[in-house]
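Q: I've just opened this one and I'm new to it. Can you walk me through it?

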Amino acid sequence: MQATNRLVSVNSVETRLLEYGSGQPLLFLHSGEGPDAYASAYLEKLSARFRVIAPWHPGFGPSARPSAFKDPSDLAYFYLDFIEQEHLSNVVLVGASFGGWVATEVAVRSTDSLSALVLIDPFGIRVSEPWIRDIEDMFALSDSQWVDLSFEDPSFAIRDIGVMSDDELTMLVKSRDALSFYGWKPYMHNPQLIHWLHRIRIPALLIRGARDRVVRKECHEKFAKLLPFGRMTEIEGAGHYPHIEKPAEVAGELCAFVQIEASPAAAAN
Amino acid sequence: MEVWHFSENPYSPAWDRHPPSLRVDLPNSYFEPEIGAELINRYIDEWAMCDELGLNIMVNEHHSTATCVTASCSLPMAVLARETKNCRILCLGMPIGIRADPVVVAEELSYIDVLSRGRLEMGLVKGFSTEIAPANINPATVTPRFWEAHDLILKAMTTHDGPFNWEGPHFQYRQVNIWPRPYQQPHPPVWVTGFNPTSAAPIADRGYKICAGLNARSAKSIFDAYRARFAELGKAPPSQDQFGYLVLIGIGDTEKKGHDRVRKIKGYLETTGITSEAFLNPQGYAPVATNVAALRRGNRKAIRVDTTRDARPIQYSNADVPDLIQAGTCFAGTPDQVYEQIADFHDYVGGFGHILGMMQGGHLSHAETVKNITLFSKEVLPRLEGLKVSPNSQDN
């Protein structure tokens, strides 16, 4: 399926987004490099059921980093403004990895336009003693070490730099720089966020790759437990990016969750 | 011409055990305290002898590494302020981009300036890429953080009417009022390192001394950009005193001895890159275009390509001495040869006023370091007085 690539401007902050399908809106907040990094099959699968809207976070890929932005809370307010501007309602908000952190920052602020929250191997909180690494230090790893750690099957991450244009490489580097900018310290979490998860009073699903070696399982278990209507499910044979490695399984879990637990009928019960 | 003796104070015994990484993640069990005590005391002695030899002193610092055990520039400078009487003492630099507290930096530097009765020269730097992980400073914001720390330090040193307020993006204080204040007024001379021509403008704008290093072509482009910026601002051309150049120096009674010495000092260059790509090039530290080029080369560590003066690519870690002389990375040989190389380089870059000479590095022993420093002081230094740019130097 062909995506529409659209420029959006929200309060003078510009970014681009990919849009697929029609129906109930699903806002997908991407992990590390962008919504189409490594693969976009998962977006296509979701578009069979949803109108999928997958922006680049401001500062990533094709967009410039807004000079006033400092941390993921700025991204959260940006997305709340975006939802308002686009007149979106009944939104299924999905975030993967870093995007899961951003999605959680959105949801603790307001769930008014949201019908459900889906977090795929999210960052955002930590639960252990200070000297325990709840989230592996990606900034201490070489590119190949990170791929080996984060994918169950590293062949999903094979990328031929030789065929990439300078523009594509520039977007890749900008995304990596933006990840440093937003997530360097405190490392990939907001120490206060864990205290406000009780505000997310909508159905929530935490999807975890059963072989995720980036985030400790204890951290995700606690995360799901602290979401008032949350639960965790695992995708077998996937690492930190189950939506890339197992797109059909993730789409299946997500659609079933929305259908059964987050539909208006489910809410009435 | 002012000449400054510099050593990174390496803990070279760890190098002999060939660990896969020398920076950030090398366990400190590699550091034997008794051997370290000998080395650190020895390096301080070598600096102190400069006072009698007409040389000045340059110190620096790195962290979590066997390439440099100076934990803070302030520490050897404080010791040397007491052990010396005449020479000037330069840190190049104080890594204020990664320092937690710029106000303490301002107080420590002022203390050293007072202790030495006004002999401090204040080099301010961002902090090398491998300092990002030990200090845990965001690499994507280290440059604006550096300039804000700079602004705060200079304001702290030059404010004498009680506390002032500072609420910046990176640093917040409501009562800044340093004691002691600097001995030199309005503040000690400031140096900043330039790594490429684009870094010259903000340094020239403030009239600070600029320091380039290890490569003649790069130094020429940086010094040219600095002079061009002065012209653009309508200022009189900068004096040679505004320009410093960091270089390895190996000098001996024979050419072979000089080359042998610089080959040992060159351990510094051979060990610089021995660390992981993630620590050498943290994401967000280098400009986007630099990283795009590195990705194209298929090596995230290959963030720059060095060249000789005639534009041949060169790798410092495996190049031999003649190529390194050609590149401007070292001056080496007999006193006559070293003098000729300096004069030639001086012409090539359009003049400069400070040689920051690494006369100890790598495994160069104490005895050899003493000879190296002494020979330079006795045989080369007197001839550098009044070195002028020859009229046809722009032909280079």
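This is a predicted model: local features need pLDDT of at least 70, side-chain atom pairs count only at pLDDT 80 or more; totals for chains, interfaces and linings use all residues.

Q: Which residue stands opposite I207(A) in strand 7 of chain A?

A: I120(A) stands opposite I207(A). Helices (H or I, at least four residues) and strands (E, at least two) are DSSP runs, numbered from the N terminus.

Q: OK. How many bridges join strand 6 of chain A to strand 7 of chain A?

A: Four, and the two strands run parallel. Strands pair if DSSP finds at least two bridges between them. Strand 7 of chain A also pairs with strand 8 (residues 230-235) of chain A, in the parallel sense, over six bridges. There, L205(A) stands opposite R231(A).

Q: What do strand 7, helix 6 and strand 8 of chain A make?

A: A right-handed β-α-β unit. Right-handed here is judged with the strands pointing away from the viewer: the path from the first strand over the helix to the second runs clockwise.

Q: Is strand 7 of chain A buried or exposed?

A: Six of its six residues are buried. Buried is 20 or more other C-beta atoms within 10 Å of a residue's own, exposed is 12 or fewer, and partly exposed is in between, with C-beta atoms placed from the backbone. Both faces are covered: A204(A), L206(A) and R208(A) on one side, L205(A), I207(A) and G209(A) on the other.

Q: New topic. How many residues of chain A are in contact with chain B?

A: 18 residues of chain A, with 19 residues of chain B. Helix 5 of chain A gives the most to the chain A side, with 10 residues.

Q: Which residues in helix 12 of chain B does helix 5 of chain A meet?

A: V288(B), N291(B), V292(B) and L295(B). From helix 5 of chain A, D166(A) and L169(A) are among those meeting them.

How values were computed:
Residues are numbered from 1 along each chain as its sequence is written. Chains are lettered from A and ligands numbered from 1 in the order in which they are written. Two residues are in contact if their C-beta atoms, placed from the backbone, lie within 7 Å.
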